[in-house]
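Please consult the sequence and the structure shown below.

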Amino acid sequence: MKYFVVLRSNAMSKEMLQQAYLGMTYTSFYLNEMKTALAYADTVLSIPELPNNTSNEVLFLKAKIYQQQGKSSDAVLQVQ
């Protein structure tokens with residue numbers, strides 16, 4: 001996580017900022033910090049002009065998080 005925090009602090013472009021937040025999203029997910037992962041995922045999705053493939057990746061990850069939390073209906077909404 002530390003690497004991505006440093007990357008976020010030093011990001012000189014929108015793409016680097018996107019990668020930093022995406023990395024923090026995945027790190028939080030794999031550390032089983034689902035609330036934090038969802039917050040970072042929402043931050044990624046708020047980045048202007050986000051590429052479709054990145055948006056889809058984050059929405060899929062959010063669906064996995066909701067599914068693990070037993071929120072199947074919320075998970076389905078992410079992939080529709």
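**Helix 4 and its neighbours**

Gln18, Leu22, Thr25, Tyr26 and Phe29 of helix 2 are in contact with Thr54, Glu57, Val58, Leu61, Lys64, Ile65 and Gln68 of helix 4 (contact means heavy atoms within 4.5 Å; helices are DSSP runs of H or I with at least four residues, numbered from the N terminus). The model is predicted: local features need pLDDT of at least 70, side-chain atom pairs count only at pLDDT 80 or more, and totals for chains, interfaces and linings use all residues. Residues are numbered from 1 along each chain as its sequence is written, and side-chain values use heavy atoms, with hydrogens and water left out.

**Helix 2 with helix 4**
- The axes of helix 2 (residues 14–30) and helix 4 come within 11 Å and cross at roughly 20° (axes are lines fitted to C-alpha atoms, for helices over the stretch in contact, and angles run from 0 to 180 degrees between N-to-C directions).
- Helix 2 is therefore roughly parallel to helix 4 (angles under 35 degrees count as roughly parallel, over 145 as roughly antiparallel).

**Helix 3 with helix 4**
- The axes of helix 3 (residues 34–45) and helix 4 come within 10 Å and cross at roughly 160°.
- These two helices, helix 3 and helix 4, are therefore roughly antiparallel.
- Residues in this contact include Met34, Ala37 and Leu38 of helix 3, and Thr54, Ser55 and Val58 of helix 4.

**Helix 4 itself**
- Buried residues (under 20% relative accessible area, 1.4 Å probe, protein chains only) in helix 4 include Thr54, Val58 and Ile65.

Terms used. Buried means under 20% relative accessible area, exposed over 50%, partly exposed in between (1.4 Å probe, protein chains only). Angles under 35 degrees count as roughly parallel, over 145 as roughly antiparallel, 65 to 115 as roughly perpendicular and the rest as oblique.
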